[in-house]
Amino acid sequence: MGDSSESSFGAPPVSPRSPPGSLDFYGKRTQMVKVQALEREIGLLQDELKSVDGFQPASAYCKEVDDFVGATQDPLVIMYMP
Amino acid sequence: MSVAELKERHAAATETVNNLRERLRQRRQQLLDTDVAGYARSQGRSPVTFGPTDLVCCRTLQGHTGKVYSLDWTPERNRIVSASQDGRLIVWNALTSQKTHAIKLPCAWVMTCAFSPTGQSVACGGLDSMCSIFNLNSPTDRDGNLPVSKPLSGHKGYVSCCQYVPDEDIHIITSSGDQTCILWDITTGLRTSVFGGEFQSGHTADVLSVSINGQNSRMFVSGSCDGTARLWDTRVASRAVRTFHGHEGDVNTVKFFPDGNRFGTGSDDGTCRLFDIRTGHQLQVYYQQHGDGEVPHVTSIAFSTSGRLLFAGYTNGDCYVWDTLLARVVLNLGSLQNSHEGRISCLGLSADGSALCTGSWDTNLKRVLTLMGKVKISEFLLNIVLDMADLGIRRAQEGDLNPKTGKAISHIHESSQSQVHPSQCSPALCYIRKILLYFNPKVVVWETIML
């Protein structure tokens, strides 16, 4: 009994091992997620390209900024305008 | 499908994405017929002028013993909450400089704080990956500390920024180093929506800042270490409404323009930019040339009530007041007497738009940090920070034990904050760039002298 106990302590510790191929499997899943993300982005970029064609030039939106600033009171600005 | 086939598909998709991005960039470029400054000049707009005594530092709020990381004004009363590396939130009466609350945090490594719309509670977040809500009316515990009234747990990385949804005390939006933003229901403590993440279209690096549209609280923008800002609709978490490109560094701070149709950004590339949310047009770049070649990063921004002024804090201690229409610097608060001695880490305008509060770090203790390569961020960062607390900023060395794996480190990845581009950083290094430790226990309130 003592011998068997000693031999079990003397044996190299058993460490859990991953099943063969599991690392590849994980790499494949990661790769798949990356591809899916890229393909989603392709769809979004194609949608955005289509929508950009309907936009006005930036000057229209710069005018909106200028109009808003001019029409809004500002305690930090109002006193200092020349 | 084999791994080889997947790699082929990945390469093809990457090429398609790059081509589409380039086409989009060119198409957008064609639409940029002017910028705000060009338009304002064409309309004959006069510049805003400030004398050196027009905007003065009226008081310094002293009480923190560590660098000030974040601050926020309460909407209806003149109170400020500030968060510091000393592990406390302090609630100040901005008119009298008195402290009304000093809240000792369960986790000292706080990065952000926010006042609730009613002023009844404050929130904070940091390296513990939690957003903690404190009810200011709660009784203190036996040790005199205000207890956390609601912990919001669910982020897988540090909480970098938080903002309550306006007009409510029950919803808050947080951003995180886990690349996501979360809308929380404070009543239940549960996540209502997660924006971004592995299986959704969102940021591809740490999210550093959020800003909710004051005109439409369903919309918010986020800024990230991936160099982009994204617009989100809280009703549609699965994808960003729009992605805004242009910056060449981390987007550290985002803030909605007062009209709700645009927002500003501040970045490690030293620029602030103004973007239109409906079109994605970049309407203006705000950049001041520096002679010494070192480009200070923009850490925090705020617009005045009309949007005419843009306050921008920089890592070199400058705090520029930009004339947004003419894209000129009107004043540098950092050059005035009684200003901060180090980087401006945070700033905010009072609700009535008449006062500005700035918070600072002290940059005198700038260090170069050394980190190892691929390590999961959350546990590791806590170890690094604990090392910092005990030993100052500790440099990892070959042979040190990796706290994650328990194995000796065989390779050290070394870089400094200024040398590393975000795209070259591991997530951990990317983050450490943000938490170089400095100390300057000052919060300064600026306000106009009403004549």
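Helices (H or I, at least four residues) and strands (E, at least two) are taken here as DSSP runs, numbered from the N terminus. With that convention in hand, select B:N18, which sits in helix 1 (residues 3-31) of chain B.

Before going further, keep in mind that this is a predicted model, in which local features need pLDDT of at least 70 and side-chain atom pairs count only at pLDDT 80 or more, while totals for chains, interfaces and linings use all residues. Residues are numbered from 1 along each chain as its sequence is written, chains are lettered from A and ligands numbered from 1 in the order in which they are written, and side-chain values use heavy atoms, with hydrogens and water left out.

**First stop: helix 1 of chain B**

Stay on B:N18 and display its surface: is this residue buried, partly exposed or exposed? Its relative accessibility is 41%, and B:N18 therefore counts as partly exposed, where buried means under 20% relative accessible area, exposed over 50%, and partly exposed in between (1.4 Å probe, protein chains only).

Colouring chain B by domain gives domain 1 (3-31), domain 2 (56-369) and domain 3 (373-449), with bounds that come from an automatic or database domain assignment. The centres of domain 1 of chain B and domain 2 of chain B, taken over C-alpha atoms, lie 33 Å apart.

Select chain A, whose secondary structure comes to three helices and zero strands, read along the sequence as α-α-α. Of the 82 residues in chain A, 24% are buried.

Next, show the residues of each chain that lie in contact with the other (heavy atoms within 4.5 Å): the selection takes 44 residues from chain A and 65 residues from chain B. Between them, chain A and chain B bury about 4,900 Å², 68% of it on carbon and sulfur atoms; buried area is the accessible area (1.4 Å probe) that two parts lose on being put together, summed over both.

How many salt bridges are counted between chain A and chain B? The count is eight, a salt bridge being a side-chain nitrogen of Lys or Arg within 4 Å of a carboxyl oxygen of Asp or Glu. One to zoom in on is formed by A:E39 and B:R9, whose closest N and O atoms are 3.0 Å apart. There are also 14 residue pairs in polar contact between chain A and chain B (both at pLDDT 80 or more); such a contact is a pair of N or O atoms within 3.5 Å, and within protein one must be able to donate a hydrogen and the other to accept it, while residues adjacent in sequence count only if both atoms are side-chain atoms.

On the side of chain A that touches chain B, helix 2 (22-52) and helix 3 (58-71) of chain A each supply at least two residues. The largest share of that side, 20 residues, comes from helix 2 of chain A.

Return to chain B and select B:R262 together with B:D259, which form a salt bridge with the closest N and O atoms 2.6 Å apart. A second salt bridge joins B:R262 to B:D276, with a closest N to O distance of 2.7 Å. This second pair links distant parts of the chain, with B:D276 in strand 20 (residues 272-276) and B:R262 in strand 19 (residues 262-267) of chain B, 14 residues apart. B:D276 is buried, with a relative accessible area of 0%, and B:R262 counts as buried at 1% relative accessibility. Widening the selection to A:E64, B:D259, B:R262, B:D276 and B:R278 displays one network, joined by salt bridges that share partners.

A polar atom of the B:Q284 side chain lies 2.8 Å from the backbone nitrogen of B:A37. Not counting residues up to four places away in sequence, the residues that B:Q284 touches include B:D35, B:V36, B:C272 and B:A327.

Finish at B:S193, placed in strand 13 (residues 190-195) of chain B and buried, with a relative accessible area of 14%. Leaving out residues up to four places away in sequence, B:S193 touches B:C181, B:I182, B:L183, B:T234 and B:A237.
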